[in-house]
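Hi everyone, thanks for making time. I'd like to walk you through one model today, so please have a look at what comes up on the screen.

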Amino acid sequence: MSGLAQYVGKAVVVITSDGRLFTGILQGYDQTTNIILESAKERVITPDAPTEVLDLGLYLLRGESVALCGLVDDEIDSQIDWDKVRGLRLGETKKLGL
């Protein structure tokens, strides 16, 4: 996770293993990928309603739930009309017996 060092102090998007989407300024992280976001927001995307944005402030995401972390492209993000974005619900997952 040392690749996250280059993102500290920058706007990032984090997608969790359960499909939640967070944005904020990366303030810190640790070896287990726990992530601290400043000015964090969660974008709740559903099939039936406009995207809801929840202001969370300072927020900690547990590393075990982080699936992806990347930089926000402000130019592209500002062109998206989030009120028109809809999404499908995630299907159930199956645990594989290994």
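So, how many helices and strands does the protein chain have? It has one helix and five strands, where helices (H or I, at least four residues) and strands (E, at least two) are DSSP runs, numbered from the N terminus. Following the sequence, you read the pattern β-β-β-β-β-α.

A quick word on the ground rules. This is a predicted model, in which local features need pLDDT of at least 70 and side-chain atom pairs count only at pLDDT 80 or more, while totals for chains, interfaces and linings use all residues. Residues are numbered from 1 along each chain as its sequence is written, and side-chain values use heavy atoms, with hydrogens and water left out.

Now the overall numbers. Along the principal axes, the C-alpha atoms of the protein chain fill a box of roughly 45 × 40 × 20 Å. The chain has 98 residues, of which 26% count as buried. For burial, the cut-offs are under 20% relative accessible area for buried, over 50% for exposed, and partly exposed in between (1.4 Å probe, protein chains only). The chain exposes about 6,900 Å², and carbon and sulfur atoms supply 53% of that. Those areas come from the Shrake-Rupley method with a 1.4 Å probe; for residues, only the protein chains shown count as cover. As for contacts, meaning heavy atoms within 4.5 Å, take those with a separation of 6 or more: 51% of them are between residues 24 or more positions apart.

Let's move to the sheet. The five strands form an open sheet in the order β4-β3-β2-β1-β5, with antiparallel pairing. Two strands pair if DSSP finds at least two bridges between them. At the edges sit β4 and β5 (66-71), each pairing on one side only. On average, neighbouring strands are turned by 25° against each other, direction ignored; the axes are lines fitted to C-alpha atoms, for helices over the stretch in contact, with angles from 0 to 180 degrees between N-to-C directions.

We can walk through the pairings. Strand β1 (residues 11-16) meets strand β2 (residues 21-29) over five antiparallel bridges, and I15 stands opposite L21 in β2. These two strands make a hairpin with four residues between them, and G19 in the turn has a positive phi of about 90°. Next, β2 and β3 are joined by seven bridges, again antiparallel, with L37 in β3 as the bridge partner of L26. That is a hairpin too, with five residues between the strands, and T33 in its turn has a positive phi of about 65°. Finally, eight bridges join β3 to β4, which also run antiparallel.

That last pairing brings me to I36, in strand β3. I36 stands opposite L60 in β4. Leaving aside neighbours within four places in sequence, I36 contacts residues including I25, L26, L58 and L60. I36, L58 and L60 together form a nonpolar surface patch with about 310 Å² of accessible area. Patch members have over 30% relative accessible area and no salt bridge; like charges are joined within 9 Å, nonpolar side chains (Val, Leu, Ile, Met, Phe, Trp, Tyr) within 5 Å. L58, in strand β4 (residues 52-61), is exposed at 65%.

On to the charges. A salt bridge here is a side-chain nitrogen of Lys or Arg within 4 Å of a carboxyl oxygen of Asp or Glu, and by this rule there are five. In one of them, K41 pairs with D55, the closest N and O atoms being 2.5 Å apart. This pair links K41 in strand β3 (residues 35-44) to D55 in strand β4, 14 residues apart. K41 is partly exposed at 33%, whereas D55 is exposed at 59%.

Another salt bridge joins D77 and R43 at 3.0 Å, N to O. Here helix α1 (residues 74-79), which holds D77, is linked to strand β3, which holds R43, across 34 residues. Is R43 buried or exposed? R43 counts as buried, because its relative accessibility is 14%. Then there is K84 with D81, at 3.8 Å, N to O. K84 counts as exposed at 66%, and D81 as partly exposed at 38%.

That's my tour; happy to take questions.
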